[in-house]
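Here is a short note to read beside the model. Keep the 3D view open and find each element as it comes up.

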Amino acid sequence: MLLLVATFFMAFVLLLYMLSPLISPKPLALPGAHVVVTGGSSGIGKCIAIECYKQGAFITLVARNEDRLLQAKKEIEKHSINDKQVVLCISVDVSQDYSQVENVIKQAQEKLGPVDMLVNCAGMSISGKFEDVEVSTFEVKPYNVYVTVAYPPDTDTPGFAEENKTKPLETRLISETTSICTPEQVAKQIVKDAIQGNFNSSIGSDGYMLSSLTCGMAPVTSITEGLQQVVTMGLFRMLSLLYLRSFDTIIRRCMVERTKYEITDKTA
């Protein structure tokens with residue numbers, strides 16, 4: 001009986017594996033494709049633009065600072081693989097008037113054709129305690145488009161340096177439990193997952209575990225991916241409990257130290 005069940009299960013897995021190409025999205029061919037990168041003048045955004053340009057894409061960079069845009073354009077153009085490639089720079093604040101954003105995208109499409117890939121890297125992380133963060137900083141804008149959700153780790157970018165200026169001690173100590181990645185590493189993985197049509201893009205073992213644990217009702221790119229999530233969910237949940245215990249220890253230690261300092265200040 002056990003052998004029969006095992007045989008049926010293997011046959012079922014094999015069938016799913018054979019059917020997986022039917023539901024997998026067609027990979028995007030970057031040579032000649034039009035890639036728009038917001039926040040493309042620095043950090044991960046700029047590195048994603050470089051990675052796409054290395055593979056033959058046409059690039060539209062969107063950011064606020066015109067000087068940094070032109071500097072990024074010169075840097076990206078060093079990686080061209082043919083004379084036809086173009087890097088278009090557009091200076092606009094994507095967080096403001098939507099009509100302006102719509103107009104610049106139309107301009108980009110008129111010059112370089114329809115947008116094949118849109119990479120949203122504009123903005124930065126706002127670090128601080130939840131109760132201290134203004135309500136206006138929370139904003140959700142749904143778009144009816146196919147997306148790749150990236151889980152970038154701490155990355156050595158200007159935005160990360162700015163984030164550390166206001167990061168609470170607890171958060172900083174938790175961040176230091178893992179290594180910092182280069183923007184080139186992160187960009188390469190995001191571009192790879194985006195052109196393959198993967199819904200999740202993660203870096204390293206911690207990132208893979210996080211994406212699996214938070215998959216919920218997220219779509220899968222292939223049957224194989226879905227099976228991996230089902231099989232590893234229990235193990236990853238056990239590992240996450242160890243992570244949480246370590247993080248709780250850090251937070252409690254910080255609370256104790258903070259309380260000691262407060263008592264010392266009052267008695268001084």
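1. Start with a crossing. Helix α2 passes helix α7 with a right-handed crossing. (A crossing is right-handed if the near helix is turned clockwise from the far one by less than a right angle, and left-handed if anticlockwise.) Helix α2 covers residues 43–54 and helix α7 covers residues 183–196. Their axes come within 8 Å and cross at roughly 55°. That angle makes α2 oblique to α7. Angles under 35 degrees count as roughly parallel, over 145 as roughly antiparallel, 65 to 115 as roughly perpendicular, and the rest as oblique. Axes here are lines fitted to C-alpha atoms, for helices over the stretch in contact, and angles run from 0 to 180 degrees between N-to-C directions.

2. Which residues of α2 and α7 make the contact? From α2 come Gly43, Ile44, Cys47, Ile48, Glu51 and Cys52. From α7 come Pro183, Glu184, Val186, Ala187, Lys188, Ile190 and Val191. Contact means heavy atoms within 4.5 Å. By class, the contact of α2 with α7 has nine nonpolar, one polar and three charged residues. (Ala, Val, Leu, Ile, Met, Phe, Trp, Tyr, Cys and Pro count as nonpolar; Asp, Glu, Lys and Arg as charged; the others, Gly among them, as polar.)

3. A word on the source. This is a predicted model, in which local features need pLDDT of at least 70 and side-chain atom pairs count only at pLDDT 80 or more, while totals for chains, interfaces and linings use all residues. Residues are numbered from 1 along each chain as its sequence is written, and side-chain values use heavy atoms, with hydrogens and water left out.

4. Helix α2 also meets helix α3 (residues 66–77). The axes of α2 and α3 come within 9 Å and cross at roughly 30°. The two helices are therefore roughly parallel to each other. This crossing is right-handed too. Lys46, Ala49, Ile50 and Tyr53 of α2 touch Ala72, Glu75, Ile76 and Glu77 of α3. The contact of α2 with α3 has five nonpolar, no polar and three charged residues.

5. Now the whole chain. The protein chain has nine helices and six strands. Helices (H or I, at least four residues) and strands (E, at least two) are DSSP runs, numbered from the N terminus. Of the 268 residues, 32% are buried. Buried means under 20% relative accessible area, exposed over 50%, and partly exposed in between (1.4 Å probe, protein chains only). Among contacts with a separation of 6 or more, 74% join residues 24 or more positions apart.

6. Look at Thr38 in strand β1 (residues 34–38). Is Thr38 buried or exposed? At 8% relative accessibility, Thr38 counts as buried. Leaving out residues up to four places away in sequence, Thr38 touches Val62, Val94, Leu118, Val119, Asn120, Cys121 and Ala122.

7. Strand β6 (residues 200–202) includes Asn200. Asn200 counts as buried because its relative accessibility is 11%. Apart from neighbours within four places in sequence, Asn200 is in contact with Thr148, Val149, Tyr151, Asp193, Ser211, Glu225 and Gln229.

8. Ser202 is also in β6. At 15% relative accessibility, Ser202 counts as buried. Ser202 touches Tyr151, Gln189, Asp193, Gly207, Tyr208 and Ser211, not counting residues up to four places away in sequence. Ser202 and Val149 are 53 residues apart in sequence, yet 8.5 Å apart in space, C-alpha to C-alpha.

9. Finish with Gly159, in helix α5 (residues 158–164). Gly159 counts as partly exposed, at 25% relative accessibility. The C-alpha atoms of Gly159 and Ile44 are separated by 9.4 Å, and the two residues are 115 residues apart along the chain.
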